[in-house]
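Here are my notes on this model, point by point. Please read them with the structure open.

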Amino acid sequence: MRAFLRVLAGTGQIFYQTGRERAMDHKTVRGRFAPSPSGRMHLGNIYTAAAAYLLARSAGGEFFLRIEDLDPVRCPRKYADLILDDLIWLGLSWDNDPVPYQSERTKIYERCLALFEQKGLIYPCFCSRSQLHVASAPHASDGRYVYSGRCRDLGPDEVQKLLKTKRAATRLILPDLDISFTDGNFGPQHFNLARDWGDIIIRRSDGVFAYQLAVSADDAQMGITQVVRGWDLLSSSAPQIYILSLLGQKAPQYFHLPLLSAEDGSRLSKRDRSADMGFLREKLGRPECLLGHLAFFLGQIKEPEDISLKELLQIFDPAKIPGKDIFVRENFWQKNID
Ligand SMILES: [Zn+2]
């Protein structure tokens with residue numbers, strides 16, 4: 001384990017940065033938008049896409065797209081096609097071709113798994129949902145369950161016996177290690193892997209690779225240096241920085257965004273039909289109109305008014321992105337069709 005900690009320490013200079021200018025200070029910025037196609041994009045998705053695009057492009061960097069369709073049942077190809085279509089409509093062009101689909105990259109994830117196995121960092125977990133509930137402790141700050149490590153010490157005989165009747169998930173051991181980094185929007189962040197996460201599942205018992213592994217393996221393989229996404233994924237940065245370090249990769253710059261929420265404080269979701277991209281394209285008509293709303297949400301203009309992507313890129317200032325969640329008026333789009 002000590003060797004890995006050295007790797008991790010070696011990445012310190014990269015992500016221990018201060019101030020909000022860090023998103024602008026890389027000559028080789030490579031940002032990404034990595035949507036999961038479990039439905040048509042909604043306002044929150046396209047807002048994230050636009051922010052990721054603007055942060056990468058305003059730094060003179062590249063912008064990559066990746067489709068996170070790990071779960072083939074939840075993510076049919078028709079939704080991925082719609083994501084591409086909606087991004088093109090808004091003008092958010094990407095630099096990588098072909099676009100990687102996680103469903104076609106299992107070999108990459110298998111190689112990571114083999115590497116971790118070689119280093120003795122993974123173990124099979126046979127816990128059922130109800131056992132997990134009993135064997136886990138709720139995390140103090142956000143109520144997430146932290147796995148107790150119940151299956152970590154199973155002997156080889158026990159594992160063989162259990163494998164005869166049960167399929168195992170695979171867990172990665174997360175050590176008692178502090179991870180600190182400075183987020184571009186939310187400032188200094190400190191996590192402890194064992195305390196805040198516990199050992200995480202990197203492959204489900206049905207064989208599907210888990211989000212944390214796939215995201216880290218892909219960011220490493222694609223050379224991603226800038227990660228822009230909603231703050232609900234902020235704490236995920238800690239295990240991802242750790243997995244990246246196991247793969248010999250530096251941590252990217254992180255920039256987490258405030259979330260869009262409805263006026264009653266609930267998070268905008270796919271259930272809001274008026275936030276669906278199909279609906280918005282029909283109601284707003286022109287991409288400049290939606291860009292105006294996105295620019296307004298991102299704190300770039302005082303009132304939502306039509307703006308072209310080129311104009312928005314010229315005025316874009318990451319320091320103006322709000323630090324608090326953004327309330328979206330119901331029928332926010334209506335003013336534009338009067
Ligand atoms: Zn277990």
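1. Contacts first. Of the contacts in the protein with a separation of 6 or more, 77% are between residues 24 or more positions apart. The model is predicted. The protein has 338 residues, and buried ones make up 39% of them. Its secondary structure comprises 13 helices and 13 strands.

2. Confidence. Mean pLDDT for the protein is 88. A value of 70 or more is reached by 87% of the residues. Over residues 1-26, pLDDT stays under 50. For that stretch the model has 40 contacts beyond four places in sequence.

3. The sheet E3-E6-E9. This is an open sheet of 3 strands, paired in the antiparallel sense and ordered E3-E6-E9. Strand E3 (122-125) and strand E9 (200-203) are its edges, each pairing on one side only. On average, neighbouring strands are turned by 45° against each other, direction ignored. Between E3 and strand E6 (residues 169-172) there are 4 bridges, in the antiparallel sense. Pro-124 has Thr-170 of E6 as its bridge partner.

4. A helix on that sheet. Helix H5 (residues 106-118) packs on the sheet and touches E3, E6 and E9. The direction of H5 makes about 105° with that of E3.

5. Ala-169 deserves a look. This residue lies in strand E6. Is Ala-169 buried or exposed? Ala-169 has 21 C-beta neighbours inside 10 Å, and the cut-off is 20 or more, so Ala-169 counts as buried. Leaving aside residues up to four places away in sequence, Ala-169 touches Cys-125, Ile-201, Arg-203, Arg-204 and Ser-205. Ala-169 and Phe-126 are 43 residues apart in sequence, yet their C-alpha atoms are 6.5 Å apart in space.

6. Helix H9, length and burial. H9 (residues 211-222) has 12 residues, which should span 16 Å at 1.5 Å a residue. The C-alpha atoms at its ends are 16 Å apart, so the two values agree. Of these 12 residues, 9 are buried, so H9 is largely enclosed by the rest of the structure. The buried residues include Leu-213, Val-215 and Ala-217, and also Asp-218 and Asp-219. Which elements cover the buried residues of H9? Among them are H5, E9, strand E10 (226-230) and helix H10 (237-246). Just after H9, Gly-223 takes a positive phi of about 70°.

7. H5 against H9. The two helices pack at an angle of about 100°, and their axes are 10 Å apart. Angles of 65 to 115 degrees count as roughly perpendicular, so H5 and H9 fall in that class. H5 contributes Ile-108, Tyr-109 and Cys-112 to the contact. H9 contributes Leu-213, Ala-214, Ala-217 and Gln-221.

8. The E7-E8 hairpin. E7 and E8 form a hairpin with 3 residues between them. E7 and strand E8 (residues 187-192) pair in the antiparallel sense over 6 bridges. The bridge partner of Phe-181 in E8 is Gln-189.

Definitions and conventions:
Residues numbered from 1 in each chain as written. Predicted model: local features only at pLDDT ≥ 70, side-chain atom pairs only at ≥ 80, totals over all residues. Pairing = 2+ DSSP bridges. Axes fitted to C-alpha atoms, helices over the stretch in contact; angles between N-to-C directions. Contact = placed C-beta atoms within 7 Å. pLDDT = per-residue confidence, 0-100. Expected span 1.5 Å × (residues − 1). Parallel < 35°, antiparallel > 145°, perpendicular 65-115°, else oblique.
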